[in-house]
Amino acid sequence: MTTAPTTGRTPVTGAVGTAHIRVEGRDKVTGAARYAGDVPFADLAHGRLVLSTVARGRIRSVGASGVLGMPGVLAVLHHGNAPRVDTDYTGILGVPPDPTAAVFQHDRIPHAGWPVALVVAETPEQAREAAEALVVTYERQPHDIAFRADRPDAYPVDGHMPAATEKGDLEAGLAASAHVVDAEYTTPEEHHAMMEPHAATARWDGGRLEVVDSNQGTTWVADELARMFSLEPSAVRVRSEHVGGGFGSKGLRAHQVSAVMAATALRRPVRVVLTRRQMFSLTGYRSPTTQRVRLGADADGRLRALEHRSLNQTSTVWEFVEPGAGPARVMYDADAHRTVNEVVRLDVPSPTWMRAPGEAPGSFALEAALDELAEKCGVDPIELRLRNEPERGPVSGLPFAGRNLAACFREGARRFGWAGRDPRPGVRRDGRWLLGTGTAAASFPAGALPSTAAVTAEADGTFTVRIAAADIGTGARTALTLVAADALRVAPDRVRVRIGDSDFGPAGLAGGSMGTRSWAWAVTVAAEELRDRLLPGVAVPPEGVTVRSDTTAALGALAQKERHSFGAQFAEVAVDVTTGEVRVRRMLGIFAAGRIVNPLTARSQLVGGMTWGISMALHEEAVRDHASGGVHGADLAGYHIATHADVPAIEADWVDDPDPDDPVGIKGIGEVGIVGAAAAVANAVWHATGVRHRDLPIRPDRVLRAGGPRV
């Protein structure tokens, strides 16, 4: 579906803002681009991880002698012979490492799928056969994986935000409200399911450790490996040129650490590639959540009281919080306002960041509750949200660095045809299908991480940018090419961008929708200084002229504000209540996400996020077996994600929203596209059927059990 672009945008005067195909596109479609598992090395050995088959207990023995005589087998590493590593540190992200990555340090088993050994052989096939033949005996202990809302051992946890915030008298506010919503919402365990598996090759080269990896930040992984193996930072180099998706999971994991151990023991390159099944227990996931939302409003729908409590599970070895209550701290205010993020420790693998951590599940609960409140108040769902637009941060009290959510809703309502919507549920039909439309708001923080960049003027008139950025499929290379071209005031074809190498100097990771903003800031500063240094008519020397930037001081000097991208999501669904099938017929997202660097890849990012929202709403659900503690169907056949047949015409666009405090005007688009999308679908299902679904995914059996109007 195509429509006229949103009006009122700032005119495009340079490369930034102009649609540009990916600069590495030809390499990717022809196979010239090499991913971590493709890079060749001489004398390469292959490692295969062996994972525990019990959910809790201790290792009694590892039958290494039984496989060391098998063809091609070179070594078996386990807790009895592996080198010791250091985990008593705080990394550059401000958190300690997940002990799951510190493999083979003890005999304890804290969850099913815990790494217990690495078998190294001459070929991948030999390593796999030996790993499958390795006999590991265990002392089993009772395990607990029961996640539920009434766990008495749940407790609040600070993550990258405080565990709890509170102001006003919540109970009094609810009691004084004309309309109250008090509901519980649940989201299931979800997995990243990127196309490229995790892979890493480690080798020693002249006393220096080199790791070729698939990760979201070479600076991040190099720093962690240096700390864990007690090496000087300069003694570690990490390269990650092409990444086939990460979504939050590609940081330091067991495969990199075990590869380094094996390369150290054998003094030759060792590659470890995780299988799809192993990824379900070793690379993190989004924790299931149970969330209670209580809203109290006056007769006109203005909030008097708001409470959002979110509970997630974490492992017994690492404390990870999925901050589902976070969106309420930004989106809506009330005189009485309380939010809490809690965790419960279970015998499960460690969760981790997953695209829009906190905001994705949290927005489902909050935006579904707002829809329920709109129904009770008899107010249009968009109007209800506009009536509750805060002037400042509801919790922080800080001013917003731009909050164009209202513009997103107005533009989206116009283009979606919202004005003609009959608010009554269960009245629109198309043959055997009931039709409904829904909407939801979206937000995601717009941050930036300190980064360095080097820009070189070459003697041939071209320019080379070097920065330890990560292109995880987002089009970062292309965006940085356009940013550099504008800062240098040259055409994009005169700029070459090199990324994915920790030797280029520290740079922020590709995560938290901060990548492009962080890197573009550093590139802009370096490029502008270089442009000022070059004198017209003076030839560049053969070695070139290089300028390096560091944005640490600039970011530290930024005024404190609420910085976010915003959006309005719209969905139309069709529901067959005789079969329970739900089909999304169309979606529209309008976003206020700063200055858009490359409309071509930006639209793909936003559409991808919205597609994930469909998947989250209707399909994705990892189910754990209570007997084994493992995931049922831990593969892409058993774990259902949206396919082409599930994705309708999705339209994504934006309103003008440059950030005046950013040198390019960027905010971030990587994650805001998924936020609110599942809620919009769920709200549309209510409008179609008159039945609320507070548990994701909205499976056919749940639709049938819930009942509702019949055709």
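Predicted model: local features only at pLDDT ≥ 70, side-chain atom pairs only at ≥ 80, totals over all residues.

Student: What makes Arg-489 count as buried or exposed?

Tutor: The label exposed needs a relative accessible area over 50%. Arg-489 has 65%, so it is exposed. Its phi is also positive, near 60°, and Arg-489 is not a glycine.

Student: Which label does Ala-356 get, buried or exposed?

Tutor: Buried means under 20%, and Ala-356 has a relative accessible area of 0%, so it is buried. Ala-356 also has a positive phi, near 65°. You'll find Ala-356 in the loop between strand S16 (336-346) and H9.

Student: What about Gly-461 and Tyr-35? Why is Gly-461 called partly exposed, and why does Tyr-35 get that label too?

Tutor: Partly exposed covers the values between the buried and exposed cut-offs, 20% and 50%. Gly-461 comes out at 26%, so it counts as partly exposed. Tyr-35 has 21%, so it is partly exposed as well. Gly-461 belongs to the loop between strand S19 (452-457) and strand S20 (463-466), while Tyr-35 is in the loop between helix H1 (25-30) and strand S1 (45-51).

Student: What does Tyr-35 touch, beyond its close neighbours in sequence?

Tutor: Contact here means heavy atoms within 4.5 Å. Setting aside neighbours within four places in sequence, Tyr-35 is in contact with Lys-28, Glu-196, His-242, Val-243 and Gly-244.

Student: How do you know that H5 is largely enclosed by the rest of the structure?

Tutor: Count the buried residues. Helix H5 (residues 218-228) has eleven residues and ten of them are buried, so the rest of the structure largely encloses H5. Among those buried residues are Trp-220, Asp-223, Glu-224 and Met-228. Their cover includes strand S11 (208-213), strand S12 (236-239) and helix H6 (254-266). Just after H5, Ser-230 takes a positive phi of about 55°.

Student: What makes a group of residues a nonpolar core?

Tutor: The members must be buried residues of the kinds Ala, Val, Leu, Ile, Met, Phe, Trp, Tyr or Cys, joined through side-chain atoms within 4.5 Å. In this protein, the largest such core has 84 residues, and Tyr-185, Leu-295, Phe-570, Val-573 and Met-587 touch the most other members. Helix H9 (residues 359-377) gives this core its largest share, ten residues. A second, separate core has 40 residues, including Ala-479 and Val-547.

Student: What joins Leu-696 to Pro-697?

Tutor: A cis peptide bond, with omega about -5°. Pro-697 sits in the loop between helix H16 (677-689) and helix H17 (700-706).

Student: Stepping back, how do you know whether the protein agrees with a compact globule?

Tutor: For 711 residues, a compact globule would come out near 27 Å; the protein has 26 Å, so the two agree. Its C-alpha atoms fill a box of roughly 75 × 75 × 50 Å along the principal axes. As for burial, 60% of the 711 residues count as buried.

Student: How many helices and strands does all that hold?

Tutor: There are 17 helices and 25 strands. Looking at contacts between residues at least 6 apart in sequence, 82% join residues at least 24 apart.

Note on methods: Residues numbered from 1 in each chain as written. Heavy atoms only, no water. Buried < 20%, exposed > 50% of the residue type's maximum accessible area, 1.4 Å probe, protein only. Helix = DSSP H or I, 4+ residues; strand = E, 2+ residues; numbered from the N terminus. Rg over C-alpha atoms; globule rule 2.2 N^0.38 Å.
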